Amino acid sequence: MLSRAESLSLLTLSIACLGVLANTFNGEGEPLIASLAFSGIAFSFTYCLIQWLGQTFIHAGLKGRDMSKARKPEIPEAMGGVGAVVYLLILIFFIPFPFYKDIVAATSGGGSRDVTVSHELLASGRVLHRFPHSKLASYLSALMSLQSVVILGIADDLFDIRWRHKLFIPAVASIPMLVVYFVDYGVTNVVVPLQLEHYFGTLIDLGWIYYAYMAAVAIFCPNSINILAGINGIEVSQSLVIAVLLLVNDGLSLHSAPAVPYPHPATDPHLFSIYLLLPFIAVSVALWWHNWYPAKVFVGDTYCYFAGMVFAIVGILGHFSKTLLLTFIPQILNFLYSAPQLVRIIPCPRHRLPHFNSRTGLMEPSVTIWHQPPGKVLTGVLKALASLPVPLLAIKQDDQGNVVSSTNLTLLNLWLVWFGPQREDRLAMGVIGSQVCIGVIALYTRHKLALLVFREDNRQ
């Protein structure tokens, strides 16, 4: 239950945010301020609901044991669904704010007392055509995709769907977003780097391949977060880092956009991204508070799908999917590193999270057991990778030189191979610290060095 101090703090925050929301209507709606206020409310509600519903989830069977603790406590599972539902409700309540000025300008009443509308315009409906239906369609398609992925994610937490089946869950959820992209935007051209313009021209129209690419992004983002998991706080922490990096990218893009034409074409997509990211960060911080070491709750697969789909949506509908992938470099590397196990070249156990040594209280690399020795070629490859100056795995051999075990191929295990056994929170901080460093370098490259590769920046 909430302590007295927590209750007073959250109540004060909620009242202050409600006051800010009420004050926005004295001006022109101020959607950015409203989004910040809604984010504060989202944090308060998520924090409270996690505290209130914990025992309810346990009684309903939504619970799991924390295998990385000596006593293996039983704690609530699938709490990411709580944050996801709060997030969806906040987005629904936020709908009028980005369109407040358009609603006032496009309708009589509702505050537009100064607007005079001729009978001809009213009869032809031209006033109503001012309303940005394409922006609303993009927003609602994002909401539909998120609702779909949350439902499918909850189903996964309840029924533990197999990997080969749940891999394409995000693709199904992305259909509303891709349909709206096709109808309202439909651009499938990609800019050719300067060095290749002589061979391919300045633009290449990928056609249906571009939609396949966007579907692949929608599949990759949720699953990549789900693969890089297994210790307290890692799923939420990496999502928070990515969200903050994308928020910084939006801020830099809006700051650098030219004043003419106004509004610049890049303005609305980046504002759209900010409106989705601010409440996401708020609910994620509330989840992180309870999921960080030592975890009081597990976030479950629902959170991974939900977080990944938020990023896919802002990248695709915000028209910066390449920049999005730059913030996913650690997840991309983890996926490529895991691929030999995912495609069964190397045996893949159901869970590949690091092993907890109850004697030392430290995390160690988990291993996969070779019940039959690998072939000569694969044995040679494993031994070569293990003997590199910076080893990419660790192996054990029997007296005959046969490989009997090798470390599981995840970034978490590789980190432990490099730096030795660590406490769970130290491991998480190390991996997340690397994500921050790589992300900052990636954004610097994107905003300072892009013109070395492309003829012009899409902000210009």
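## Basis of the description

A residue is called buried when its relative accessible area is under 20%, exposed when that area is over 50%, and partly exposed in between, with a 1.4 Å probe and protein chains only. The structure is a predicted model, in which local features need pLDDT of at least 70 and side-chain atom pairs count only at pLDDT 80 or more, while totals for chains, interfaces and linings use all residues. Residues are numbered from 1 along each chain as its sequence is written, and side-chain values use heavy atoms, with hydrogens and water left out.

## Aromatic pairs and a cluster

A pair of aromatic rings is described by the distance of the centres and the angle of the planes. Here, rings of Phe, Tyr and Trp (for Trp, the six-membered ring) pair if their centres lie within 6.5 Å, and the pair is stacked when the planes are under 30 degrees apart, edge-to-face when they are over 60 degrees apart, and tilted for the rest. By this rule the model holds 24 aromatic pairs. One of the pairs is made by Phe 43 and Tyr 47, which is tilted, with 5.9 Å from centre to centre and 40 degrees between the planes. Because Phe 43 and Tyr 47 are four residues apart in helix 2 (residues 31–59), about one helical turn separates them; helices are DSSP runs of H or I with at least four residues, strands are runs of E with at least two, and both are numbered from the N terminus. Both Phe 43 and Tyr 47 are buried.

Tyr 210 and Tyr 213 form another tilted pair, with ring centres 5.6 Å apart and planes at 50 degrees. Both residues belong to helix 11 (residues 208–227), where they stand three residues apart, about one turn of the helix. Tyr 210 has a relative accessible area of 13% and is therefore buried, whereas Tyr 213, at 25% relative accessibility, counts as partly exposed. Aromatic residues also come together in one cluster, formed by Tyr 87, Phe 220, Phe 280, Tyr 303, Phe 306, Phe 311, Phe 328 and Phe 335.

## Salt bridges

A salt bridge is taken as a side-chain nitrogen of Lys or Arg within 4 Å of a carboxyl oxygen of Asp or Glu, and by this rule the count comes to six.

Asp 425 counts as buried because its relative accessibility is 8%, while Arg 423, with a relative accessible area of 38%, is partly exposed.

## Backbone features

Most residues other than glycine have a negative phi, and most peptide bonds are trans. In this model, a cis peptide bond joins Tyr 293 and Pro 294, with omega about -10 degrees, and Pro 294 is placed in the loop between helix 13 (267–291) and helix 14 (300–317). Lys 72, although not a glycine, has a positive phi of about 50 degrees; this residue lies in the loop between strand 1 (63–65) and strand 2 (74–76) and is partly exposed, with a relative accessible area of 28%. Ala 78, likewise not a glycine, has a positive phi of about 65 degrees; Ala 78 is found in the loop between strand 2 and helix 3 (80–94) and, at 10% relative accessibility, counts as buried.

Helix 14 has 18 residues and reaches 26 Å from its first C-alpha to its last, close to the 26 Å expected at 1.5 Å a residue, where the expected span is 1.5 Å times one less than the number of residues. Helix 14 is followed by His 319, whose phi is positive, near 60 degrees.
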